[in-house]
Amino acid sequence: MTGNLWGYGKEDGPSVWHKNYPVAQGDRQSPIDIVPHQASHDPSLGPVVLNYDQCTSIKIANNGHSVVVEFDDSDDRSVIRGGPLDNPYRLKQFHFHWGVKGCHGSEHTVAGNSYASELHLVHWNAVKYTTFGEAATAPDGLAVLGIFLQHHGRFVKAVFFFFFFFLLQGSAADFKGFNPKCLLPSSLHYWTYLGSLTTPPLHESVIWIVVKDPITVSEKQVTCLAGSSEPALGRLLPASGLYLHTFLTQGLYTRNWEF
Ligand SMILES: [Zn+2]
């Protein structure tokens, strides 16, 4: 990672990322504004299939830019396959992007509209590459599944508070037995395009699979989070929203790219 050399402020935000990361001005940069009627249907694309083992999550950490849940990627217990992918890709981590005050936080937009948040499940091509780092710089190295989250009353807040309230920047905790399948919508219809990491170093190495249906975080999904071995959601819910701004590390930015 690149430490704190970049951010989302005026001085270090996306508009100046190209100074340290020239690829920011490349022709395969993400995120993009997805214009549905400009996407063409490819009948050769099958469904994406997620085989996630219950036992591969390891820890949750706040790296200063996002909250990240990491997985054991030493074998193929948790993989994504199908869709535009030639072979299975191993789950490495997932993280969230969110906005100020809990809205307009998605990175991709759909016909110019943003969602409250966006979940990225990051997978790498362990068939072709020996390490995640090697894959992260290769044109077919990563497959990222993007899931939009939309607002729905207190339950979405519960999830956000879960992350904000527990984790100070730089902190980490064991987070075992969590299966991210419970964070997915029932339909996995998707858009796909060849893009990049959305944060520095912005490598153009990502096969994006952006799921069309957002999730509205439900009581069941919150229960799923609470059911993870630790931290337990019940003791993390704050009594009010006073802490919401304390741990925000990331705001909305816009960089729109056409297909
Ligand atoms: Zn991301």
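## Overall make-up

Of the 259 residues in the protein, 34% are buried. The model is predicted. It contains 4 helices and 13 strands. Among contacts between residues at least 6 apart in sequence, 72% join residues at least 24 apart.

## The largest nonpolar core

In soluble globular proteins, nonpolar side chains tend to be buried together. Here the largest nonpolar core has 44 residues, and the members that touch the most others are L142, A143 and V144. At least two residues of this core come from each of β3 (57-62), β4 (67-71), β5 (79-82), β6 (89-98), β8 (117-124), β9 (142-150) and β12 (206-211). The most is given by β9, with 7 residues.

Which residues does A143 touch, leaving out those up to four places away in sequence? They are I80, L85, Y89, H123, I207 and I209.

## Strand β5 and its partners

Two of the residues that A143 touches, I80 and Y89, also stand opposite each other, with Y89 in β6. Strands β5 and β6 run antiparallel and are joined by 2 bridges. Their hairpin has 6 residues between the strands, and G83 in this hairpin takes a positive phi near 55°.

Strand β5 also pairs with β2 (residues 48-51), in the antiparallel sense, over 4 bridges.

Conventions
Residues are numbered from 1 along each chain as its sequence is written. This is a predicted model: local features need pLDDT of at least 70, side-chain atom pairs count only at pLDDT 80 or more; totals for chains, interfaces and linings use all residues. A nonpolar core is a set of buried Ala, Val, Leu, Ile, Met, Phe, Trp, Tyr and Cys residues joined through C-beta atoms within 7 Å. A residue is buried if 20 or more other C-beta atoms lie within 10 Å of its own, exposed if 12 or fewer, and partly exposed in between; C-beta atoms are placed from the backbone. Two residues are in contact if their C-beta atoms, placed from the backbone, lie within 7 Å. Two strands pair if DSSP finds at least two bridges between them.
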